[in-house]
Every structure is written in C-alpha cells, then in structure tokens.
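Visitor: I would like to learn how to read the contacts and the backbone details of a model.
Guide: Let us take them one feature at a time.

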Amino acid sequence: MEQDFQASQLGLYIHIPFCLTKCGYCSFFTLPFRQSSLYEYVGYIEKEKVLYRYQLKRPLATIYFGGGTPSLLSAEQIMAILEGLNILPDAEITLEINPLQITEQYLKALKTTPVNRLSIGMQSMNNSELAWLNRHHNMEQIIDKIALCRKENFNNISLDLIYGLPNSSVQTVQQTVDAYLKLQPEHISCYLLTLDEDCPLADEIDKLPNEDILAEQYEYLCSYLKQAGYTHYEISNFAIPGFESKHNLRYWKSEDYLALGVSASGWIYPMRYQNPVDINAYYENVKNRVIFPQKEELSNQRIIQDYLMMGLRLREGINLQEFNERFQIPLMEIYREQINKLIKIKMLTLQEGNLALTEQALFVSNRVIGDLIL
Amino acid sequence: MKEEFIRNFCIVAHIDHGKSTLADRFLEETHVIGKGTEVSQVLDSMDLEREKGITIKSHAVRMVHNYQGQDYVLNLIDTPGHVDFSYEVSRALASCEGAILLVDASQGIEAQTMSNLYLALDNNLEILPVINKIDLPKADIEGTETDLCEILGCLPDDIIKVSAKTGEGVKALLDAVITHLPAPKGNPEATPKALIFDSYFDMYRGVVVLVRIFEGRLQKGDKIKLFSTAKEYEIEEIGYLGLKFSPQNELTCGEAGYIIANIKEVADARVGDTITLAKGGCEIPLPGFREPKPMVYSSIFPINGEDYENLVESIAKLKLNDASLVYEKESSAALGYGFRCGFLGMLHLEIVKERLLREYNLPILATTPSVPFLITLKSGEELQINNPVDFPDPSIIETIKEPFMETEIIVPTDYIGNVMKLANERRGIQNNIQYIDDKRVALHYDLPLIEIIFDFYDKLKTVSRGYASFDYTFKDYREANVVKVDILINGEKVDAMSFICHHDKAYNWGKSVTETLSEVIPKHLFKIALQAAIGGKVIARSTISPLRKDVLAKCYGGDVSRKRKLLEKQKEGKKKMKEIGSVTVPQEAFLSVLRADRE
C-alpha cells in the first residue's frame, strides 16, 4: 500500500492571489500587488509546502501556477517554491501569464525554471472589447508578445478567449478566432463571459446577449476550431492533439491534486479541503501547522457524483469499464433510468463503452448533469 | 331574569361601517371592558377575522344596562359579515327580536346592508336605524337619513345618530335598544326549545354551543337531544357569555348563553338546529334549519407530498370547528393524494386554505374551483358533478344544469353602463333596476355562479372604481351549454387542470391558460407542447422552446464544490415542483387556470 501510494502520481496547484489591477469581470479572490506582500506570501507557500511533505513524496505529474497573476513571481521565487519537489521528468508545469508581463528578460528567466507551458490571459483580439474588460493590453502588443514567446522556445501556449460580450455576434467571435489562429496556439480555452453580482462590471449584466445568441456563438466556436484542427476535448477547451492540459485533465478525471496558497482547494481521495479565503487566516493556519483545513471526507455516493459531474465535461465522457474498476459497481446499475431518459432526448450518448454528453448537450450541461446525478 | 328586562339584538351593517367599533363602545358603556382599553373589536376573535376585517363566525356577549333605575340584560349577538355565510347570518338573526341597522354616513347604504336588512325583516325583527360616523367631515347625514326613511318608511326622528369612534350618542342608543326593541316572549314553564345560533370548538372544553332559549328552561345536568342528529348529551355546564364563560344553574326562555355537553365536533351541533330534552322533549323543532350546502368545490393537495398524513389529520381537526366544510379523499395523477372539498363560497375556501397554513403549518395547493352541475344522461340517470374529473363524455349527456344566483349590485349611477356590460359578459339576466336615490341604483341580475366565482367581484370593483357593492344568494338550477376543457402538457392530460366553462368561453380561456402556462413552466431540455382540448379536439396551443444555455464555462479544481452547490440548488427548486410525464411543473402552474384572463 505504502509503495502504491509513493508511486501514485499527484498534481499540484499553487495560488498567487496578487494582481496589478482588478479585471472588470473578475469575482475571484484577489489582492492588490506589492512586492513586499508577494515576498512574504512566497515565504508562507514554502512553509506550507513543508507541512505537506508526506503527500509531496508522490511524483508530481503536473504543476500549475494560477491566480490572481502568478507571472508576478520572479524566476527565483518560482524556483524557491519548486525546490525539493519530486517532479517527474515529463511533468507539465504551467504558469498563467499576463500579456503585459511577457518580456524578453522575463521569458529568458523563466527558461531557467522547469515551467514549460504558458497560459496567456489575452481574452480577446478586439481592442474595444479588451478596454471594456478592463484589460490593459491591445491586440498589436499581443502579436509581438506571442512572437517573443516563440522566439524563446515556449512551445506549449494556451490562449484564453472570452465570448458573449455585450454587442458581440458570431461575426465578432469569428474575427477574434481568426486573429487567434494566426498565432497558432497549441491550446485555446473559450470562456463564456459571466458577470457575478459582486464583480466590478455587475451593472452591465443587462447588456449581455440573450441565450440564443450565446448558444449560437458557442456552437460557432466549436465547429470553427474543429475545422482549424483543434480537438474539442472539454466543454470550454480546445487543443492541437497531444497538447491537452494535463493538469486540468486531473480535475476532470477526479485524480488527486494538492493545493497550496490562500483560498486554494485540493482533492486527495477521499477528501476535499480548502484553505481560508482570508489571507491572514491562511497565514495563521500555516503558522499553526494546520493541514487540510475545512476538510470534508466524501461518501462514496458523493465521490461518484463528483466523478460524473467533472468527467462528463470531457467530450470523451466516462468510460464505463474504468468506472466499474474504480468504483466496483457498474454505472448503469446506479443511473440506468436517468441515463436512458437523457439518451432518449439526445442529451447523452453511449458509444464504444463511453457515456458522454452530446454536442447539443454541452451548452446546457449543468441541467443535463443535474438531471443525471441528483 | 324576567323576559321583559331582556333584549336580544344584533347589528346589521356593511363591512367597514363600524360594527365592531360600536360593539366595543357598548362593552365599555356597560362596563364589560374598561374604558379606553385597547381591546379593539373584542368580538372578532380569530386573527383571520381581524385581518380580513370581517366576522367569519358569530359570537355573543351579555351586557347589563341601567335604564330609569332598572337593570336590563342586553344580549348582543354578532353576525358573520360575508355572503358566503348568509345562512349563519339568518340563524343569528332568528335569535334576536330586534336589529340595529348601522349605516356609515360617509358611505350610505350598500348591497350587503340591504341584503341583511331583508334577512332581518324576513325574521320579523324590529329595526332600529342608526347612522354612524357622524363625526367625519365628509359625513352626509341628511342624505343617509333620507335613504333610510325611504327604505324603512320611518321618520327622521326615529333615526339615532352616533359616532362609535368618539362615543357620541352611544348611551342614547343603548336606551333606545330598550325602549324601541321588543322583549322576548315565551313560556318559561313550557317544554324547552333552544336554537343553536353558533357553535365552536374549544381545545379544552370541546364544542361550545351558543343558544337562544325560546321556550322553557335548560339546566345543568339536563339530558338533552339535538333534533337534526337525534344525538343525546348531558349538559355539563350552562351559562352566560361575557368575555369569559359565566356558569349558571340554568338558562330560561328569552335568554341567550352557552352550553357545554361533551360534544365532539361542531358538525354535531349544527347552526340552526333545535335543542330540547331527551325525554319528554318537544315534537316540532324551531323552523329554518338547513343542512349546509356547498356551492364551490375545489381539490386541495399538500404542496409537499409527504405532508399528506398531516393534511388528513389537520382537515379532520378543522372540521371539528367548521360544520360547513365537506370533503372526501381524492387522488390525482398529477398531484397525488388530496381531498375534494365543498365550500360555502370562495371566501370560505380562502379561509380554509389560510387556516391550514397558519394553524397547521401546511401549505396547500387548491385547484381551479368549480360549482355543482346537475347532469341528466341520455340513459335517464341523474348526476351531480362537483369535480371536472368526473364530467361524463359529452356524447352520453342529455342536459346539464348549472346553479344561478340572485344578485344585487348597488352602484353610483355613473357606473351603470360598466356594470351592465360586465354582467352581460358574465351571462347575467337582468331582473330589474331600482333607483335608491338620484345618485345610486340597485341592479338585480340572475348570474351563473361559475361566472361569479372567478374574479367577478374584483372586476366589479374595477369597473366601478371601488364603489359597487355586491350580494348574492342561490336561486335555482338552469340549463347550461357548458363543456369540460382539458389541459395537456406534452400530450399528457393533467387532471388537476381540467375545468368546466361555458361553451362560448372555452377557446379564450383555453388559449389564455396555455399562454400563462408557457410563462410559468421553466424551459426544459426539450420542446414542450401545451394544449387545451375539448374531448379529443385541440382548441388552443402554446409551446415552450427548449433551454439553450445552462453551463458553467470554467470548472477546475477549486470549482467542484461551487458547481455541486449550483446543481443542488437546481434540485432544491425542482423538489417543489410536480413531475408530469417528463415535464417538471411548478406549483403556480396549477393556479394558472385560475389566473388566466378569461375575457
């Protein structure tokens, strides 16, 4: 057992909450950036890492620096965080990066770290859209920045794209996608703009396009990117084959991941935990050597439900045999009635031993998955 | 107390004309309650009554008033204030020798005042006309006086003017009750005969029966018999009604009071029934007793299916205190187990619903109300249909009859046109128009009850800017061209949504119901067809287009719990809905039939 555990792979998420400015659509927990704050914070991450030394003996298949703006970290700080970790040679190590922080100097420094994948928060290739989103870059800059990344040999680049903005249409989405495709990214994440009640742009909620227009944009994105050679492998994610995000796949496949940093949450079977959302409470926890705060051990039923909830986001869906091996019970035995109902109305398909959402189910997946598991 | 020193009387008034306030002043003047105590409107004991501003049950209170050195007993018998309860009103009136006709000087005579006045006259009551609210700046004392004189044939001097609010004229009014209203007459030595004018269930005492003794006397320990049920009881306690029970040894003829006799539910002590002795009692009961006859039917279902057992218990408890409520078990394909209930009218239905919610914490769903239809089949068989579900196939029906009500609408002359238009739309048949004075008119229509129970009163208020008053009583059954309309959701008939209506209104109503449903039922993963049909023929349809968007675009490690909560919330909402076929239908959809515009 011990041996198994030692051998089983792990993912690692590291949260960096600081931002230079707050984006209009963001309702996540962020903190204003100060060099000294970041310095202090990295110190706590290093201490927290030590608390989890037992888990961190496991070989790390993926590491993901998310935020906030993790590209505020210097190469030295990244190295300090990664120091002593059992990182597999072919591990995927992603850094979310703000386009404005892409400089030759920074990229060169990053090359001295094991970071091998960049996820760029560019969001749009339309300058008025970028302004509305309160992003401080423009499309002309982006083109140069990506070229710089290529020059410095970053060969696994993911670009974020936000659709469903006020006044957007299939035409504006197409313009943006065309501009993206020229940059030849290995990976594209397409996110539907959602404005929560507590984000700065909340007052603009009424200006968002109606659901028919949104569905049209989504369907267009899916078919256009497919045509361009990208695999649509998750509801919002597209990749050149072989460049799917290994780290995110761990989430969708319910594989273990440890999480460090304020507000981060992890999953170590059969338990979820989450660090405090308050920075001082997080620091207190680390000082007091609290591990797995707010931990919740999940029932087998809950684990199965979460497994389906996340797994069905993948276009390949759930492999029935894998499910059976993992949970020692056939999926059809638990959900036969619901599954048959949803197959009948063409929301699910069962093909070659895989249960998956149909194309038309993707944009209503919350409802379909809810109908299935609850 | 000798009969000559007793007065039994009631107050006849329209809602808001100050009946309760006047009763409070009487109680103060006769020292039943202290002056200025904020007992406001002591007689209205149910919360609901106070909120709705009407008296649902009648009550009685005994007061002593000294007039020219002699103490008199004044029994004030309160009457329910809504047409749904006109039978109960008539029994309360029958317990009195006289009535105060109370009219608000700022409002004048209204439909309900008139109908209760006629009831009082039918019961041979002496009428004491009183004008209230004389302190109000907009009081039209003279005009009201003229109207009263015209209706009653009295002189202006016969009319007493009071302000129940300030107390002005109240003592003079009590004196007038003694001098103007007759004393009861009866033989204290005759075989006892007592009229039940009200009864209610008390948690600690069982059923409390309010009676007026017409002949003889009833004593503690007497073995008594109730005429309508022939059941026998022993009087455990007898006495006068004040704010509290005041036990006595006996009640003699002319007196009013209460009896407690180990009676389990009010249905065993029906309003209007006669009490006599079990042995050697009288042969003939007092006149006027009637079994309660429900005129409005509706099915009630617990909103949460698991509350059914609770509903069974609660409705039985409610019945202890509500003799007019009739019910039987019903099972609906759409709504599960519930009860088909008969009510005296729409207000009664509302009260039962409210009481189940407030007193038993039981939210219920009431289906579209209906009225009893009398159907003769071609085979000659006769049926009374209280539930659209039981409506026979049209091909085997010979005739259908529906209940008609005799109605009176009093309205300022400016609005006659509007009211007549409304009455015509509701298939009213005009009997006559009577001018009360140069400003107001009484319209008499026969109207089908089914046309009244759906928002007629609300519409009437709208077209008359709130000035019309309305009253009705059952008249007769008449042949009717009515049809049953079914509502289908994705081809599945929803039994609880079927309704019966006049043939000419079926299309508009059906269309309106499907449209309302299309707004109330949330979008599903598939298209939903909503249809209204008579027999197999679809007369109206609407569609709900499928859901297009319900997605969490970003879902990573930290979002698992968030997403789960989202789905759970979705499920929580679904729990409160009913599953019909594969369509999830919210509770309010069942009210759509009611709310749908029918014009």
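Visitor: How many residues of domain 1 of chain A are in contact with domain 2 of chain A?
Guide: The model is predicted, and a contact count is read from each side separately. Here 13 residues of domain 1 of chain A touch nine residues of domain 2 of chain A. Domain 1 covers residues 2-251 and domain 2 covers residues 299-374. Their C-alpha centres are 28 Å apart.

Visitor: What area do domain 1 and domain 2 of chain A bury between them?
Guide: Read the total together with its share on carbon and sulfur. The two domains of chain A bury about 960 Å² between them, with 67% of it on carbon and sulfur atoms. On the domain 1 side, Tyr218(A), Glu234(A) and Ile235(A) lose the most area to domain 2, together 47% of what that side buries.

Visitor: Which residue forms a salt bridge with Arg313(A)?
Guide: Glu234(A) is the partner of Arg313(A), and their closest N and O atoms are 2.6 Å apart. The rule finds one salt bridge across the interface of domain 1 and domain 2 of chain A. It also finds three residue pairs in polar contact across that interface, both residues being at pLDDT 80 or more.

Visitor: Which elements give two or more residues to the side of domain 1 of chain A that touches domain 2?
Guide: They are helix 8, strand 9 (231-234) and helix 9 of chain A. Helix 8 of chain A gives the most, with four residues. By residue class, this side of domain 1 divides into ten nonpolar, two polar and one charged.

Visitor: Now the two chains. How many residues of chain A are in contact with chain B?
Guide: The reading is done as before, one count per side. 39 residues of chain A are in contact with 26 residues of chain B. The two chains bury about 3,200 Å² between them, and 57% of this area is on carbon and sulfur atoms. Asn366(A), Arg367(A) and Leu374(A) supply 23% of the area that chain A buries against chain B, more than any other three residues.

Visitor: How many salt bridges are there between chain A and chain B?
Guide: The count is five. One of the pairs to inspect is Lys523(B) with Glu211(A), a salt bridge whose closest N and O atoms are 3.4 Å apart. Polar contacts are counted separately, and the rule finds 17 residue pairs across the interface of chain A and chain B, both residues at pLDDT 80 or more.

Visitor: Which element gives the most to the side of chain A that touches chain B?
Guide: Begin with the list of contributors. Strand 8 (187-192), helix 8 (211-227), helix 9 (246-252), helix 11 (300-311) and helix 14 (365-373) of chain A each give two or more residues to that side. Helix 14 of chain A gives the most, with eight residues. The residues on this side of chain A divide into 20 nonpolar, nine polar and ten charged.

Visitor: Let us turn to the backbone. Which peptide bonds are cis?
Guide: The omega angle is the value to read. Among them is the bond joining Gly67(A) and Gly68(A), where omega is about 20°. Gly68(A) lies in the loop between strand 4 (60-67) and helix 3 (75-82) of chain A. Another is the bond from Tyr269(A) to Pro270(A), with omega near 0°. Pro270(A) sits in the loop between strand 12 (265-268) and strand 13 (271-274) of chain A.

Visitor: What is phi of Arg427(B), and where is this residue found?
Guide: Phi of Arg427(B) is near 65°, a positive value in a residue other than glycine. Arg427(B) is in the loop between helix 9 (416-425) and strand 24 (429-435) of chain B. Lys133(B) also has a positive phi, about 60°, although it is not a glycine. The loop that holds Lys133(B) runs between strand 5 (126-132) and helix 5 (141-152) of chain B.

Visitor: Why does Arg427(B) count as buried?
Guide: The class follows from relative accessibility, and buried means under 20%. Arg427(B) counts as buried because its relative accessibility is 16%. Lys133(B) has a relative accessible area of 22%, so it is partly exposed.

Technical notes
Residues numbered from 1 in each chain as written. Chains lettered and ligands numbered in written order. Predicted model: local features only at pLDDT ≥ 70, side-chain atom pairs only at ≥ 80, totals over all residues. Heavy atoms only, no water. Contact = heavy atoms within 4.5 Å. Buried area = accessible area lost by both parts, 1.4 Å probe. Salt bridge = Lys/Arg side-chain N within 4 Å of Asp/Glu carboxyl O. Polar contact = N/O pair within 3.5 Å; in protein donor to acceptor, adjacent residues only side chain to side chain. Nonpolar A, V, L, I, M, F, W, Y, C, P; charged D, E, K, R; others polar. Domains from an automatic or database assignment. Buried < 20%, exposed > 50% of the residue type's maximum accessible area, 1.4 Å probe, protein only.
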